[in-house]
Amino acid sequence: MAEHTMVAALNAALGDALDADARVLVFGEDVGRLGGVFRVTDGLQERFGPERVFDTPIAESGFTGMAIGLALAGWRSVIEMQFDGFSYPALEQIVSHLAKYRERTRGRVELPITVRIPSFGGIRGKEHHGESPETYYVHTAGLKVVCPSTPLDAYRLLRAAIDDPDPVIVLEPKARYWTKEEGELSADGPGIGAARILRDGDACTIVAYGSMVARALDAADALASAGVHARVLDLRCLSPLDLGLLGTCVRETGRIVVVHEAPLTLGMGAEIAARAMEAAFDFLEAPVARVTGWDTPYPPAALEGVYLPSVERIAEAVRRTVAY
Amino acid sequence: MDIPEHWSGSEPVRIVAPDGRAVGDPEVGLDPEQLRDLLRQMVFARHLDRACMALQRQGELTVYPPFEGQEAAQIGSAAALEATDMVFPSFRELAAAVVRGVDPVQYLAYHRGSWHGGPYDPRATRFAPICVPTATQICHAVGYALGQRLDGADGCTLAYFGDGSASEGDFHEAANLAAVFRAPAVLFCQNNGWAISVPTGLQTAGEIWRRADGYGFPGVRVDGNDVLAVYRVTKEAADRARTGGGPTLIEALTYRLGPHTTADDSSRYRDDAEVERWRAFDPIPRYRTWLAAAGHADDGFVEACEREAEERVARIRADLIASEAPPDAWVFDWVYASPPESFLRQRAEALGDG
């Protein structure tokens with residue numbers, strides 16, 4: 001069976017989408033000849049030509065706005081923000097137009113635009129290369145936000161994002177770009193809006209997404225050897241949330257620990273905690289715990305370990321929650 | 001600080017002087033009926049604009065941004081486009097919208113507070129939604145233009161924006177992108193002297209049209225109160241764009257005779273004497289004088305224009321007042337193509353049918 005890195009899976013998803021629909025375009029900074037700084041677009045310009053896969057000037061706001069105009073003209077753009085920290089110039093276009101255009105035109109103009117953002121830390125990057133921007137997008141009505149944790153799911157989610165009639169923000173966990181997974185690349189399976197259980201357990205549910213999923217699984221492994229069987233829920237999609245499966249997990253395990261790299265305050269953990277309470281308050285055996293980055297800027301490489309939720313911090317939160 | 005007047009510096013392209021005399025070649029490729037139509041449209045736009053000011057005072061519109069004084073800039077440019085071209089407006093382009101065939105009642109639903117963006121069909125009218133975040137629409141226009149180029153379509157895209165918008169990063173990014181991708185775009189700046197309270201002289205230290213040179217495409221400065229000159233430079237830019245010649249930046253010098261919006265008190269930053277002085281540059285009497293001198297229109301035609309405008313505006317006014325408030329469900333109806341269940345629960349709660 002074939003083995004894929006997340007970069008290769010994303011590359012295949014783009015190639016297959018370009019192949020499937022002649023109206024799909026891929027553009028951004030260095031995505032053409034170079035194939036992207038992470039090589040996610042490697043070889044695509046050669047394969048599909050410089051009219052469909054092209055470099056733009058360094059203008060995140062400008063090329064995001066351009067994708068909107070292209071959508072009005074019937075094109076389906078996949079744009080790449082080179083790094084999370086460089087996506088902010090495009091926020092006005094995303095918040096004021098990308099998210100709202102469908103509503104502003106009473107459904108007459110759909111914007112099937114995919115915004116890929118290599119996100120989060122854990123790669124010993126420079127400043128502005130380790131940001132967790134999800135709350136900005138999740139808080140904006142009209143956007144969908146997905147965040148794959150494994151190569152095969154990255155393929156599936158990116159294909160679904162490109163096919164979606166609405167704009168989708170794809171937060172790609174850089175720290176997982178070079179991890180491998182065995183299997184066939186396929187667009188079939190859970191779509192946008194569905195979470196998945198990656199490991200079953202009954203003592204507690206660890207809710208995670210992106211690169212924190214692997215750490216949650218490691219923590220569950222460590223806990224299992226001590227007889228604590230934690231379930232791991234991979235959210236996959238941050239907007240809309242799979243509230244059905246979250247509610248099931250609350251009812252079946254009674255305990256929730258949410259893990260994310262983003263700062264604590266108003267992070268996804270706050271929403272998960274509130275939704276867990278709304279869904280099944282009577283089933284909760286302990287307060288929902290949050291294991292997150294701190295309310296600080298993302299630190300330099302030498303201090304990443306202080307900031308990022310570690311396997312031990314996650315395991316400890318589960319132990320505390322189970323013992324509550 | 002000595003604030004330079006925004007019309008100082010380079011001489012703009014001009015065909016008809018403020019006193020109505022032809023100072024350039026008036027042959028712009030329009031027949032007498034089309035020449036008369038430019039006046040008819042400007043007279044109508046003036047009536048409509050004033051009616052909108054009154055409608056706001058009467059509580060029928062929430063806030064309204066008047067364009068009085070800018071009729072030639074908008075109508076001359078919009079009239080120079082083909083039906084297959086696309087327009088991305090800012091928020092003061094009602095006159096251009098009407099030329100493009102947008103239903104004024106639908107357009108004014110925006111200023112009535114009935115809907116965002118504009119409930120007209122942007123694709124059918126080839127007039128994009130009203131755009132308030134300044135300069136963002138220029139990026140959309142360049143994208144649309146690039147799409148036209150990729151499709152091999154015989155069309156171009158015009159973006160309207162103001163002198164204030166030209167200070168935004170999106171103006172620069174859009175202009176640069178248009179140049180690099182050789183997009184068939186016309187970047188049409190209505191320099192009306194004021195960005196709310198800030199005069200052009202504090203907005204930019206140079207001349208806006210000259211920036212085109214830095215991007216690598218043609219720029220032109222035109223007397224924006226001279227409808228024939230505006231028509232000519234826009235037509236040239238649009239023709240060049242459609243035939244693969246790339247973008248053009250047009251700076252149309254005009255003047256906003258009214259406040260920024262009905263919520264603005266312009267007496268706080270400019271005096272009546274300035275406005276009165278600019279009345280002498282009013283685009284409508286200027287063109288009317290030339291049209292009569294050229295033998296294309298007589299008093300009877302002018303009177304008919306006024307009468308027809310009054311009648312049309314009265315109908316628009318009545319239709320607008322009679323237009324129904326949007327149903328509550330519209331708050332939810334177009335946010336997502338397929339709304340998630342949690343969203344539908346909010347909808348049901350809000351509408352009381354959950």
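This is a predicted model: local features need pLDDT of at least 70, side-chain atom pairs count only at pLDDT 80 or more; totals for chains, interfaces and linings use all residues.
**Entry 1: H1 and H13 of chain B**

From H1(B), I noted B:Arg36, B:Leu39, B:Arg40, B:Val43, B:Phe44, B:His47, B:Leu48, B:Ala51 and B:Leu55. Their partners in H13(B) are B:Phe301, B:Cys305, B:Glu306, B:Ala309, B:Glu310, B:Arg312, B:Val313, B:Ile316, B:Arg317 and B:Leu320. Sorted by class, the contact of H1(B) with H13(B) has twelve nonpolar, one polar and six charged residues.

Next I looked up how the two helices lie. The axes of H1(B) and H13(B), the latter spanning residues 299–322, come within 9 Å and cross at roughly 40 degrees. That angle makes H1(B) oblique to H13(B). I also wrote down the hand: H1(B) passes H13(B) in a right-handed crossing.

**Entry 2: H6 and H7 of chain B**

I turned to another pair of helices. H6(B) covers residues 136–151 and H7(B) covers residues 169–180; their axes come within 7 Å and cross at roughly 15 degrees. Roughly parallel counts as anything under 35 degrees, so H6(B) and H7(B) are roughly parallel to each other. The crossing of H6(B) past H7(B) is left-handed.

Which residues make the contact? On H6(B) I found B:Thr136, B:Ile138, B:Cys139, B:Val142 and B:Ala145. On H7(B) I found B:Asp170, B:Phe171, B:Glu173, B:Ala174, B:Leu177 and B:Ala178. By class, this contact of H6(B) with H7(B) comes to eight nonpolar, one polar and two charged residues.

**Entry 3: where chain B touches chain A**

I then asked how many residues of chain B are in contact with chain A. The answer is 33 residues of chain B, in contact with 37 residues of chain A. On the chain B side, the elements giving two or more residues are helix H5 (122–125), H6 and H7. H6(B) gives the largest share, with eleven residues. I divided the chain B side by class too, and got 19 nonpolar, ten polar and four charged residues.

**Entry 4: the nonpolar core**

A general point to keep in mind: in soluble globular proteins, nonpolar side chains tend to be buried together. The largest nonpolar core here has 204 residues. Those with the most contacts inside this core are A:Ile206, A:Ala216, A:Val257, A:Val318, B:Val142, B:Ala185 and B:Ile250. The element that gives the most to the core is H1(B), residues 32–57, with eleven residues.

B:Ile250 lies in strand E7(B), residues 248–253. Is B:Ile250 buried or exposed? B:Ile250 has 27 C-beta neighbours inside 10 Å, so this residue counts as buried. Leaving aside residues up to four places away in sequence, B:Ile250 touches B:Val186, B:Leu187, B:Phe188, B:Cys189, B:Val220, B:Val222, B:Val233, B:Thr234 and B:Ala237. I also looked up one distance: B:Ile250 and B:Ala179 are 71 residues apart in sequence and 14 Å apart in space, C-alpha to C-alpha.

**Entry 5: a buried glycine**

I found B:Gly258 in the loop between E7 and helix H11 (272–279) of chain B. Why does B:Gly258 count as buried? B:Gly258 has 21 C-beta neighbours inside 10 Å, and 20 or more is enough to count as buried. Beyond its neighbours within four places in sequence, B:Gly258 is in contact with B:Pro66 and B:Glu68.

Most residues other than glycine have a negative phi, and most peptide bonds are trans. I looked for exceptions.

- The peptide bond from A:Ser239 to A:Pro240 is cis, with omega near 0 degrees. A:Pro240 sits in the loop between strand E12 (237–239) and helix H9 (243–253) of chain A.
- A:His128 has a positive phi, near 70 degrees. I located A:His128 in the loop between strand E5 (114–119) and helix H6 (134–138) of chain A. With 13 other C-beta atoms within 10 Å, A:His128 is partly exposed.
- B:Arg182 also has a positive phi, near 45 degrees. B:Arg182 is in the loop between H7 and strand E3 (185–191) of chain B. B:Arg182 counts as partly exposed, with 17 C-beta neighbours inside 10 Å.

Definitions and conventions. Residues are numbered from 1 along each chain as its sequence is written. Chains are lettered from A and ligands numbered from 1 in the order in which they are written. Axes are lines fitted to C-alpha atoms, for helices over the stretch in contact, and angles run from 0 to 180 degrees between N-to-C directions. Helices (H or I, at least four residues) and strands (E, at least two) are DSSP runs, numbered from the N terminus. Angles under 35 degrees count as roughly parallel, over 145 as roughly antiparallel, 65 to 115 as roughly perpendicular and the rest as oblique. A crossing is left-handed if the near helix is turned anticlockwise from the far one by less than a right angle, and right-handed if clockwise. Two residues are in contact if their C-beta atoms, placed from the backbone, lie within 7 Å. Ala, Val, Leu, Ile, Met, Phe, Trp, Tyr, Cys and Pro count as nonpolar, Asp, Glu, Lys and Arg as charged, and the others, Gly among them, as polar. A nonpolar core is a set of buried Ala, Val, Leu, Ile, Met, Phe, Trp, Tyr and Cys residues joined through C-beta atoms within 7 Å. A residue is buried if 20 or more other C-beta atoms lie within 10 Å of its own, exposed if 12 or fewer, and partly exposed in between; C-beta atoms are placed from the backbone.
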